[in-house]
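Subject: Structure handover

Hello,

Here is the structure for your files.

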Amino acid sequence: MERQLHRTPRAGGRRDDFDQKTAVNVAKRSAFQCAVCSAVTVGAGTASPNAVINIGVAAHIAAASPGGPRYNPLMTPKQRSHISNAIWLCQNHAKWVDDDVVEWPTAKLHEIKHNHERSMRLKIGIPARPSSSRPRPKRGGKPTVREYAFVDVRSLIPAYKAMLAPMLHDQKLGEESELGILMIDAPVVGSRNAGVLLPWTVFVKPIWLRWVVQGHGAGFGLQSEVPPDQIYGQIPVWPDEFFEFLGAIVESGKKFEWQRSPKGYLALQQSQSHA
Ligand SMILES: [Zn+2]
């Protein structure tokens with residue numbers, strides 16, 4: 001079996017195993033999640049304050065020794081033990097990919113690894129939202145804040161920054177600027193869907209948001225309207241849904257545009273002509 005963390009050297013045969021640095025790096029590049037099923041593989045153990053539980057393995061895509069799964073005799077030992085031949089998997093998938101090389105050929109594993117690493121990379125720095133915060137009334141109701149965060153413009157991923165560019169320009173926000181972020185369920189305004197509650201991300205002045213979360217804005221209550229003069233702009237999606245949102249725009253052909261709200265800030269909205 002081609003499992004890095006459970007080495008069982010075959011008698012007489014050489015194995016081109018990954019070194020520790022390679023195994024750790026492929027795990028980090030995978031955000032410590034299985035590249036196939038995204039199961040979290042690393043976490044805190046309870047046996048001691050230092051205990052770490054790891055159910056992940058740096059698996060070989062092409063086997064480390066002759067006779068192993070997907071072994072490629074044309075590869076050099078250096079290539080077999082290189083990180084480009086490693087994929088981070090949970091133990092279930094590490095066993096499965098080695099027990100069924102027809103189901104899991106080399107090219108497929110490379111593609112899975114590439115897509116998982118890309119997907120993890122795009123989530124770096126984006127606040128997570130518990131799925132339990134999903135309930136959304138169909139229509140009516142008041143804006144409700146689900147979560148908040150603070151983020152520097154400089155740390156936004158390029159795709160997100162590109163989407164926000166008109167707002168950043170309009171508000172004269174540079175790389176050094178900070179954004180307060182509110183994830184809100186709020187009624188749509190100004191379209192035939194008016195009144196339907198949608199997830200909005202509202203970008204606000206960080207000083208104001210700090211003042212609110214420190215309790216000084218006691219009257220705000222997270223149910224009230226955000227003061228318009230504290231808003232930089234808003235988009236109709238929450239950060240962790242951003243890429244689904246972009247994909248949906250491309251697939252549906254719907255057009256979204258930044259439009260100035262009557263209250264002065266820019267809001268990304270579906271174009272009226274295509275609604
Ligand atoms: Zn898995």
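There are zero disulfides in the structure, a disulfide being a pair of cysteine sulfur atoms within 2.5 Å. This is a predicted model, where local features need pLDDT of at least 70, side-chain atom pairs count only at pLDDT 80 or more, and totals for chains, interfaces and linings use all residues. Residues are numbered from 1 along each chain as its sequence is written, and side-chain values use heavy atoms, with hydrogens and water left out.

Cys-34 is buried, at 0% relative accessibility, and Cys-90 is buried at 6%. Here buried means under 20% relative accessible area, exposed over 50%, and partly exposed in between (1.4 Å probe, protein chains only).

Salt bridges (a side-chain nitrogen of Lys or Arg within 4 Å of a carboxyl oxygen of Asp or Glu) number twelve over the whole structure. One of them pairs Asp-98 with Arg-70, with 2.9 Å between the closest N and O atoms. Asp-98 is in helix H3 (residues 91-99), while Arg-70 is in the loop between strand E3 (56-60) and helix H2 (77-80), 28 residues apart. Helices (H or I, at least four residues) and strands (E, at least two) are DSSP runs, numbered from the N terminus. Asp-98 and Arg-70 are both buried.

Asp-170 and Arg-260 also form a salt bridge, at 2.6 Å from N to O. Because Asp-170 lies in helix H5 (residues 158-170) and Arg-260 in strand E9 (residues 256-260), this pair ties together parts 90 residues apart in sequence. Asp-170 is partly exposed at 26%, as is Arg-260 at 47%.

Regards
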